[in-house]
Amino acid sequence: MPWDRNDMAARAAKELQDGYYVNLGIGIPTLVANNIPGGMTVTLQSENGMLGIGPFPYDDEVDPDLINAGKQTISELPQSSYFDSAQSFAMIRGGHIDLAVLGGMEVSEKGDLANWMVPGKMIKGMGGAMDLVAGVKKIIVVMEHTSKAGDAKFIPECTLPLTGKNVVDMIITDLAVFHRPDHDSPFKLIELAPGVTADEVRQKTSARYVE
Amino acid sequence: MQKIYPNAEAALEGLLRDGLILAAGGFGLCGIPERLIDAVVASGVKGLTIASNNAGIDNEGLGKLLRTRQVAKMISSYVGENKEFERQFLAGELEVEFCPQGTLAERMRAGGAGIPGFYTKTGVGTQVAEGKEVKAFDGEDYILERGIRADVSLIKGWKADESGNLMFRKTARNFNLPAATCGRVCVAEVEEIVPVGSLDPDCIHLPSIYVNRLILGAPYDKKIEFRTVRERETA
């Protein structure tokens, strides 16, 4: 049984450590917030200017001045703080954020990430993704192993415009987990989803990796 | 020196002309200078270049200026959720310079701080780096990005005192602070103007030196793009 969206988020949550400051992207990465291990202090950063993202508000507590980077209404925590966008990206670019979990369209075997535009389709923009991959200490990409058409997404070279070059540390798909200890090493297959074989992963991956 | 103006139109008097470079605060529809945008729409000035993280949505925020075709170029990081923007962009009627969000914030901050350019790792090896100087520091590549100097900054704050000292509220601070600093003239709209001495000097987010003109914009009907809530557990 391949992992579902929540399983993938739960797997990413295993990479959290006590005291971590973390930025979560939109989509599956957001679900990581529901899987923070009990007793662990993890502070979530929202790049529009907040540390300490709380849960979605109750209906009568919705505040238009309090949103996350996906422009959804959120709530604050006793330890929350607010700041401006320049300060927010100073902490991102400056290497103060421990971990970012992001979605991906393609990851190359050299750790390049493409997740912001598809040529020929309407370009919405990169938002903060390029800043995050350039500055955050550890980058985890969570994505389906193959596209809807069945094509591999972990590939030798990205075909889509890059978000960052040589920036990805870990890839979590619905089938497997790949990791590399540093940006000079190849990715290694370190884990399979229950019932998924290394052979199946090999068939659905065109990138070179170590087993 | 009187900084307080009776309304947005009065506050912008003498500042607007065709081809102007504006810097605007806001993230999505959170913390956008609505009254000032409305006044720019009403003024009819055209060919504007606007540095703003987003471009509003259809008929909200900067989307209003797109609808009236007053914008020639946007410098933004994310422009989704905007059909009219998409139409003009695809038709080649609107120029867009995509700029990573943190680079955009820093370009405004730098421009306001007298720094004409800075090196950043953001965008190295991507389309964003095309045509930009690359320089290695300690074995890593960085690209040169330019500071932004705008003719006029339009920002939205929460409270200001009569001298222009200003505070923001929660995540509505966002780009308002760096945008305020990078304009030759900054016009601010706020929800409340209080007498000098009412705000704790230790709690001012934007010192009065950055605020040239000020209006009371209240009452506000703040828009929410994605209202997300949780259920209250019932006993």
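Reply: Helix H3 (129-135) of chain A and strand S7 (140-146) of chain B each supply at least two residues of the lining of the second largest pocket. The largest share, four residues, comes from H3(A). This is a predicted model. The pocket has a volume of about 380 Å³. Its lining is made up of 20 residues, and the closest to the pocket centre are A:Lys165, A:Asn166, A:Val167, B:Lys121 and B:Glu140. Sorted by class, the lining holds seven nonpolar, seven polar and six charged residues.

The two chains also meet in a helix pair. Two packed helices are described by the angle between their axes and the distance between the axes. Here the pair is helix H2 (residues 85-93) of chain A and helix H5 (residues 101-112) of chain B, packed at an angle of about 125 degrees with axes 8 Å apart. Angles from 65 to 115 degrees count as roughly perpendicular and those over 145 as roughly antiparallel, so H2(A) and H5(B) are oblique to each other. Their crossing is left-handed. On the H2(A) side, the residues in contact are A:Ser85, A:Ala86, A:Phe89 and A:Arg93. On the H5(B) side they are B:Gln101, B:Gly102, B:Thr103, B:Ala105, B:Glu106 and B:Arg109. By class, the residues of this contact divide into three nonpolar, four polar and three charged.

Two details of the backbone of chain B remain. B:Asn59 lies in the loop between strand S2 (48-51) and helix H3 (63-67) of chain B. Phi of B:Asn59 is near 60 degrees, which is a positive value in a residue other than glycine. Further along, in the segment after strand S13 (213-216) of chain B, comes B:Pro219. A cis peptide bond joins B:Pro219 to B:Ala218, with omega at about 0 degrees.

Terms used. Residues are numbered from 1 along each chain as its sequence is written. Chains are lettered from A and ligands numbered from 1 in the order in which they are written. This is a predicted model: local features need pLDDT of at least 70, side-chain atom pairs count only at pLDDT 80 or more; totals for chains, interfaces and linings use all residues. Side-chain values use heavy atoms; hydrogens and water are left out. Axes are lines fitted to C-alpha atoms, for helices over the stretch in contact, and angles run from 0 to 180 degrees between N-to-C directions. Angles under 35 degrees count as roughly parallel, over 145 as roughly antiparallel, 65 to 115 as roughly perpendicular and the rest as oblique. A crossing is left-handed if the near helix is turned anticlockwise from the far one by less than a right angle, and right-handed if clockwise. Contact means heavy atoms within 4.5 Å. Ala, Val, Leu, Ile, Met, Phe, Trp, Tyr, Cys and Pro count as nonpolar, Asp, Glu, Lys and Arg as charged, and the others, Gly among them, as polar. On a 1 Å grid over the protein atoms alone, a cavity is a set of points where a 1.4 Å probe fits but cannot get out, and a pocket is an open set with protein on both sides within 12 Å along at least five of seven lines; lining residues have an atom within 4 Å of a point. Grid points are joined across faces, edges and corners, and a volume is the space filled by probe spheres set on the points.
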